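Opening the notebook on a new model today.

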Amino acid sequence: MTRIHIHVPDELAATQLKYNGEAGRAFITALPARAADFLDRWNLRVDGPSMHGVTALVLPVRRPDDTPAVLKLQLMDTESEGEPTALRLWNGDHAVHLLDHEPTTGTMLLERLDHTRMLSHHPDAHEATLIIADLLTHLTALPAPPGIRRLGDIAARMLDRAPHALPRIPDPEARTLLKDCEAALREVAPDPGDRLLHWDLHDENVLAATRAPWLAIDPKPLAGDPAFDLWPALNNRFDPADIRWRFDALTEALSLDRERARAWTLARVLQNALWNIKDGDPLEETDLEIVRRLRG
């Protein structure tokens with residue numbers, strides 16, 4: 001087995017413990033050995049310092065033919081388990097290429113993009129929104145394959161939880177705004193859609209590449225209405241005065257019905273709020289402002 005020191009960032013250990021408890025602690029403890037195993041298994045050599053997101057350790061590596069790649073090691077959960085399926089279906093079209101995958105652990109070997117050039121660094125927020133719109137237009141054009149988690153199931157669970165959770169919100173205005181989100185979701189939930197969604201296409205999940213200007217990474221795929229994918233682009237570099245412009249640009253680029261798009265965006269805010277209520281965290285003021293700006 002490869003003998004190499006694998007640095008596991010403290011921030012990754014902290015988020016794994018926060019969100020996944022003992023399973024997260026066990027994942028972090030096993031990471032160095034798991035990384036060494038896959039470096040040997042796929043005949044890779046480390047080619048730079050380790051990187052991380054909220055849930056995964058990413059190692060820049062080189063393949064035997066010297067091709068640059070990244071090794072992504074993550075704890076499998078319901079959000080990430082469909083990632084290799086989606087990447088394989090997109091096959092590099094507006095998304096990072098999947099080079100290899102081990103299904104038991106969810107470990108992936110991915111095309112290496114330029115992590116120093118995130119879309120979040122783009123100086124023009126409007127142009128960045130249009131770039132996300134273009135990516136979403138292509139990514140959501142395909143029907144979701146069997147086995148991908150379904151927006152219809154997520155919507156049903158939200159509607160089951162909301163009547164019990166929302167009365168716990170102490171602020172009456174916030175409670176009213178989120179009840180509006182619940183009502184909007186009830187209108188569209190019977191027709192949840194069947195497209196393959198990225199779900200998490202914020203501007204730090206878009207990287208520059210040599211073969212294309214911008215490519216999507218790190219999907220948390222589900223089958224549903226493309227309008228459920230708009231919220232991250234409204235929340236990026238949050239600007240209350242820009243919400244309407246971004247919403248209009250996204251719905252036009254994706255040829256979405258505005259009312260359905262508004263309803264699914266409010267549903268996404270409801271999803272965030274239900275998580276916050278469950279965890280005992282305060283509601284996001286940015287989300288409440290999105291509701292104020294879109295419901296009028």
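**Entry 1: a threonine in a helix.** I started with Thr129, which sits in helix α3. This is a predicted model, so I keep that in mind throughout. Buried or exposed, I asked of Thr129? Its relative accessibility comes out at 3%, and since the cut-off for buried is under 20%, Thr129 counts as buried. Next I looked at where the side chain of Thr129 goes: it reaches the backbone oxygen of Ala125, at 3.0 Å. Then I listed the contacts of Thr129, skipping neighbours within four places in sequence, and got Trp245, Arg246 and Leu250.

**Entry 2: over to α7.** Two names from that list, Arg246 and Leu250, turn up again among the buried residues of helix α7, residues 243-253. What covers them? I found that the cover includes α3 (125-139), α6, α8 (258-279) and α9 (285-295). So much for the helix itself; just after α7, I noted that Ser255 takes a positive phi of about 55°.

**Entry 3: an aspartate in a loop.** I moved on to Asp225, found in the loop between β11 (222-224) and α6 (231-235). Asp225 has 10% relative accessibility, so this one counts as buried too. Which backbone nitrogen lies 2.8 Å from a polar atom of the Asp225 side chain? That of Ala227. Leaving out neighbours within four places in sequence, I have Asp225 in contact with Leu151, Pro192, Gly193, Leu197, Arg260 and Trp264.

**Entry 4: stepping back.** I counted up the secondary structure of the protein: nine helices and 11 strands. For overall size I checked the radius of gyration, which is 20 Å; a compact globule of 296 residues would have one near 19 Å, so the two agree. The C-alpha trace spans about 60 × 40 × 35 Å along its principal axes. Of the 296 residues, 50% count as buried.

I also looked at how far apart in sequence the contacts reach. Among contacts with a separation of 6 or more, 69% come from residues 24 or more positions apart.

**Entry 5: surface and charge.** The protein exposes about 13700 Å², and carbon and sulfur atoms supply 52% of that. On charges, I have 34 positive and 47 negative side chains. The centres of the two sets lie 3 Å apart.

How values were computed. Residues are numbered from 1 along each chain as its sequence is written. This is a predicted model: local features need pLDDT of at least 70, side-chain atom pairs count only at pLDDT 80 or more; totals for chains, interfaces and linings use all residues. Side-chain values use heavy atoms; hydrogens and water are left out. Helices (H or I, at least four residues) and strands (E, at least two) are DSSP runs, numbered from the N terminus. The radius of gyration is taken over C-alpha atoms; the globule rule is 2.2 Å times the number of residues to the power 0.38. Buried means under 20% relative accessible area, exposed over 50%, partly exposed in between (1.4 Å probe, protein chains only). Contact means heavy atoms within 4.5 Å. Accessible areas come from the Shrake-Rupley method with a 1.4 Å probe; for residues, only the protein chains shown count as cover. Lys and Arg count as positive and Asp and Glu as negative; His and the chain ends are not counted. The place of a charge is taken as NZ of Lys, CZ of Arg, CG of Asp or CD of Glu. A polar contact is a pair of N or O atoms within 3.5 Å; within protein, one must be able to donate a hydrogen and the other to accept it, and residues adjacent in sequence count only if both atoms are side-chain atoms.
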